Amino acid sequence: MSKFKSAVKVLAPLGLAGLTGMTVFSQFTGKGTPEEQKWRYPADDLIDAHYSNGRSSTYAIDIDAPAYAVYRIFKQIGAERTGSFSSEFLERTFARLPFFNSYEIQEEFQQPDSMMPGDIAAFDFHGMSMEWADIVPGKYIVQWVDTKTPPRAPGSYAFRFPGMKHFAAAWCFYLIPLSGERTRLLNHWRIGFEPDNGLVAAFNWTNIELIGGVMAHLQNIYVKRVAEFRKREQLGGKIMRKLFGGGIIDTGTPAGRWDGTPLFDKTYTQWFRYGRQNPAVTDIRPPVTDNPDWPPLGPDSPWADRIDAEYFVDWEEPEFSWDEQIRQKMEGTYLKGWGKKKPAATADGDE
């Protein structure tokens, strides 16, 4: 028997078992009720505006937490934020998407302007993206993409799959508050595509129902665990903490300020901006935010014969401008004296 036939005899049953498991997990568990699957949701109009073949996929789960507690988790979703809240292994291994899940609530993603319509909902850092469309605080959020109406951001693109001329998708998270401070989470996809033939339709069913269904169901389970304070530490993080946090050989040196409390033992990723309240450096000295003695201008400086001693004279950090960012990209130049303070105007308008 050839090596090929031997490999087929081993891999074929494994593949069949995997496909069966995916089918059961995505099609027979985790789905919304028939009524929830038939319901027309607020953002379905985004797909139906350009496509007559819109089809939906809806997964749902009950969560023992109030609606806002669930909403703020999804306010952090994205490759550039705190991950996809689905399987990191599957996202990175098979989809090759750079999702790294952080299940801690982070201050920088909870501000009123942390997520706004028009912001990119990033799948990766190369441009494959959706755009945030509808953001209704505490109730639902919608990310959407359509090759007929691509994202605004330079560098982004409206993705489609091979063989498609056009593709649109709305990925929506709707929250239904239930009695007893509980929530019904609806994880809802709606897509449209061209050409509308059997092959493309089958590909899209596989994408949003089979593979996407597995990921959406996992996502609902993980979010439920997070909101209910039951999410366990990821194996990779546990190994790293043991290896580099003194957990393998006890040296008696604490790994962090919060050892022995839930703020370390059950806080599996850092609260990135918590230290702003009182930076650790203040144990030694105040943090430096302005230093008029840098760069050194004396004759003994290593750069004395090269330095532009006037660069930081009358300079301040420029206010960020998207118009200037576009001009730089288009022209490949920087403003002369960028950041130099302009003289105050006189009473008659002269400078």
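This is a predicted model: local features need pLDDT of at least 70, side-chain atom pairs count only at pLDDT 80 or more; totals for chains, interfaces and linings use all residues.

I then picked out Phe244, which sits in helix H7, residues 235-244. Is Phe244 buried or exposed? I noted a relative accessibility of 65% for Phe244. Exposed means over 50%, so Phe244 counts as exposed.

Entry on the cavity. I asked how many cavities of 30 Å³ or more there are. The count comes to 1. For the largest cavity I wrote down a volume of about 50 Å³. I listed its lining as Ile77, Gly78, Ser84, Phe99, Ala121, Ala122, Phe123, Gln143 and Trp171. Sorted by class, the lining of the largest cavity has 6 nonpolar and 3 polar residues, and no charged ones.

I turned to the second largest pocket, which holds about 870 Å³ of space. Helix H5 (88-93), strand S5 (166-178), strand S6 (182-194) and helix H6 (198-227) each give two or more residues to its lining. Which element gives the largest share of that lining? I found H6 in that place, with 10 residues. In total, 29 residues line the second largest pocket. Nearest its centre I noted Glu91, Ala95, Asn207, Ile211 and Met215. By class, I recorded 21 nonpolar, 6 polar and 2 charged residues in the lining of the second largest pocket.

Notes
Residues are numbered from 1 along each chain as its sequence is written. Side-chain values use heavy atoms; hydrogens and water are left out. Helices (H or I, at least four residues) and strands (E, at least two) are DSSP runs, numbered from the N terminus. Buried means under 20% relative accessible area, exposed over 50%, partly exposed in between (1.4 Å probe, protein chains only). On a 1 Å grid over the protein atoms alone, a cavity is a set of points where a 1.4 Å probe fits but cannot get out, and a pocket is an open set with protein on both sides within 12 Å along at least five of seven lines; lining residues have an atom within 4 Å of a point. Grid points are joined across faces, edges and corners, and a volume is the space filled by probe spheres set on the points. Ala, Val, Leu, Ile, Met, Phe, Trp, Tyr, Cys and Pro count as nonpolar, Asp, Glu, Lys and Arg as charged, and the others, Gly among them, as polar.
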